[in-house]
Amino acid sequence: MATVLFQTVAANRILTPSIMGFDALYVLMQTALVAGLGITGFALLPAGPKFLIEVTALVAASLMLFGTLLGRGGQDIVRTILTGVIFGILFRSLAGFLARLLDPNEYAVVQQASFASFSRVNAELLPWAAGLAGIGIAGAIRLAPRLDVLALGRRISVPLGLAHERMALLTLGLVAVLVSASTALVGPVGFFGLIVAGLAHGLTRDPRHAVLLPAAAMIAGVLLVGGQTLFERLLGLQSTLSVVVEFAGGMFFLWLLLKGRIR
Amino acid sequence: MIEIEAVSHRIGQVTILDHVGTRLPRGAMTALIGPNGAGKSTLLNLVARLLPLQEGRIAVEGLDVTRTPSRALALRMAVLGQDTAIGSRLRVRELVGFGRWPHHQGRPDPADAAAVLAALDAFGLTPLGARFLDELSGGQRQRAFVAMTFAQATDWLLLDEPLNNLDMAHARALMARLHSLVREEGKSVVLVVHEVNYAAAWADHIVALRDGRIVAEGPPAEVLTPAILCDIYGMEMAVTEHAGRPLVLHHI
Ligand SMILES: Nc1ncnc2c1ncn2[C@@H]1O[C@H](COP(=O)(O)OP(=O)(O)OP(=O)(O)O)[C@@H](O)[C@H]1O
Ligand SMILES: [Mg+2]
């Protein structure tokens, strides 16, 4: 859902928060925490406050990141992508540099924290994450008609009387809250948002956000819960679901793309 | 009336518009002409609040474009840009439907639906209503965008090269429709055109730009003279007369 919103602001179907360096930012934060506090310090961090602080930091950082990316140069997609990718590399190499300073045990902890996991979710955090996501989703659905106009791009939305800059910022704020809540809960899921947004657009074939957003939320839920159930109950596997979700979803996405259902 | 006072625009060191001042009359069709890069689109985009105004003042019916709420302007002035690239993948009738946005803010009523149907009909788009924009020819697409600005039903229409991609029949039909909007409904139209004969035949007022300055303005018969045209475009051309209006022989 965050990806749908993000693509609306960016007026582009390929961009996702994760391509724009968001996941790398999260990994950098985890690495910095481990480096700063050591394994024991990291493990001892109380889950609730850690989650809240992570979300706040991610929201602040991503607002700055996305804001600068889309604020002025918003019309120039190539430059925007390039800047995002470069930011991503910057964060990744910073994290890599910090990781070099760590000992192998600490590094293993970082590794674990940097992969998405839906089974290791801390139950205590669920209500918080659900609350945040709820706020984000309710906000997005309330804004749905205005998001439709925003998606037309600045050159058309401004003459139609939309306060484009304010709306774009508001949407980015929602994106930041949604992405941060889920990333802080399960870790970075990368490609998943692109798949869900692609599927939502491809399956509904409707440009209205009042339809798109709930569809995206539902698709994401079905993919995750269905995949997890299939995995644990039927196959009895313990592998990382996110890997498979991305693989299967990626194939489906490619298929849709090749069939020309997503544009 | 649209008042443009001492408007200058710079990008980096380059001066795009240099102290442009004019008044675009109400209840008339004004044509903006000039060579590529003269600053026509820049001027139009400044009036349309699509570019930040750096210097000078622009007011539409007395409303300062930098201070008036965007929606209030959207109810008075519809704008069609030169570049109509669009973010979402829309059907024709959905695009035209967005023209009603300033009126309903997301809650269309039957009157809005009727206005959309009328706009589709006016541009021969009814059979194409359910088609996606990226499945249309260039001219059909252009007509869909013009129909959207019509659906907005504003007193002012600002159109940047609306004749782009249109064949002769559709181009003339569009000019005739704009003309009747001005004559019969008292609307005001400002459009950028490259084919000066459309300006000669239909416009009431012409503003000619070159290198970011206004080099001539007035009724077609005064602006479209061999001397002024040569000054604007840097080439010799003969001007004859047809039905009491100038006819520029620029193609031979
Ligand atoms: N974003 C920009 N950056 C730098 N220069 C620009 C930019 N946009 C326009 N220009 C320059 O400003 C000048 C005026 O451009 P403008 O688009 O207003 O011309 P125009 O009269 O509409 O031309 P055309 O008939 O080709 O549409 C041109 O010289 C152009 O190169
Ligand atoms: Mg132009």
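## Basis of the model

This is a predicted model, in which local features need pLDDT of at least 70, side-chain atom pairs count only at pLDDT 80 or more, and totals for chains, interfaces and linings use all residues. Residues are numbered from 1 along each chain as its sequence is written, chains are lettered from A and ligands numbered from 1 in the order in which they are written, and side-chain values use heavy atoms, with hydrogens and water left out.

## The four-stranded sheet

Chain B has an open sheet of 4 strands, ordered β2-β1-β4-β5, with antiparallel pairing. Strands are DSSP runs of E with at least two residues, helices are runs of H or I with at least four, and both are numbered from the N terminus. Two strands pair if DSSP finds at least two bridges between them. At the edges stand β2 (14-24) and β5 (63-64) of chain B, each pairing on one side only.

β1(B) and β2(B) are antiparallel and share 7 bridges. They form a hairpin with 2 residues between the strands. In its turn, B:G12 has a positive phi of about 60 degrees. B:I4 has B:T22 in β2(B) as its bridge partner.

On to the next pair. Strand β1 (residues 2-11) and strand β4 (residues 55-60) of chain B are joined by 5 bridges, again in the antiparallel sense. Here B:E3 faces B:A59, and B:E5 stands opposite B:R57.

## The six-stranded sheet

A second open sheet in chain B holds 6 strands in the order β6-β7-β8-β3-β9-β10, and its pairing is mixed. β6 (77-80) and β10 (213-218) of chain B are the edge strands; each has a single partner, so one side of each lacks a neighbour in the sheet. From one strand to the next, the twist averages 15 degrees.

Strand β3 (residues 29-33) and strand β8 (residues 188-192) of chain B run parallel, with 4 bridges. B:T30 stands opposite B:V190 in that pair. β9(B) and β10(B) are antiparallel and joined by 5 bridges. B:V207 has B:E217 in β10(B) as its bridge partner. These two strands form a hairpin with 2 residues between them, and B:D211 in the turn has a positive phi of about 50 degrees.

Helix α1 (residues 40-47) of chain B packs on the four-stranded sheet, touching β1, β2 and β4 of chain B. Contact means heavy atoms within 4.5 Å. The direction of α1(B) makes about 120 degrees with that of β1(B). Such angles run from 0 to 180 degrees between N-to-C directions, with axes fitted to C-alpha atoms, for helices over the stretch in contact.

α1(B) also lies across β3, β6, β7 (156-160), β8 and β9 (205-210) of chain B, at about 150 degrees to β7(B). Helix α10 (residues 226-233) of chain B lies across β3, β9 and β10, at about 40 degrees to β9(B).

## Around ligand 1

Ligand 1 is surrounded by 13 residues, each with a heavy atom within 4 Å of the ligand. The closest are B:G37, B:K40, B:S41, B:T42 and B:H194. α1(B) gives the largest share of this shell, 3 residues.

One lies 2.5 Å from an N or O atom in the side chain of B:T42. For the side chain of B:N36, the distance is 2.9 Å. A polar backbone atom of B:G39 is 2.9 Å from a ligand oxygen.

Note on methods:
A polar contact is a pair of N or O atoms within 3.5 Å; within protein, one must be able to donate a hydrogen and the other to accept it, and residues adjacent in sequence count only if both atoms are side-chain atoms.
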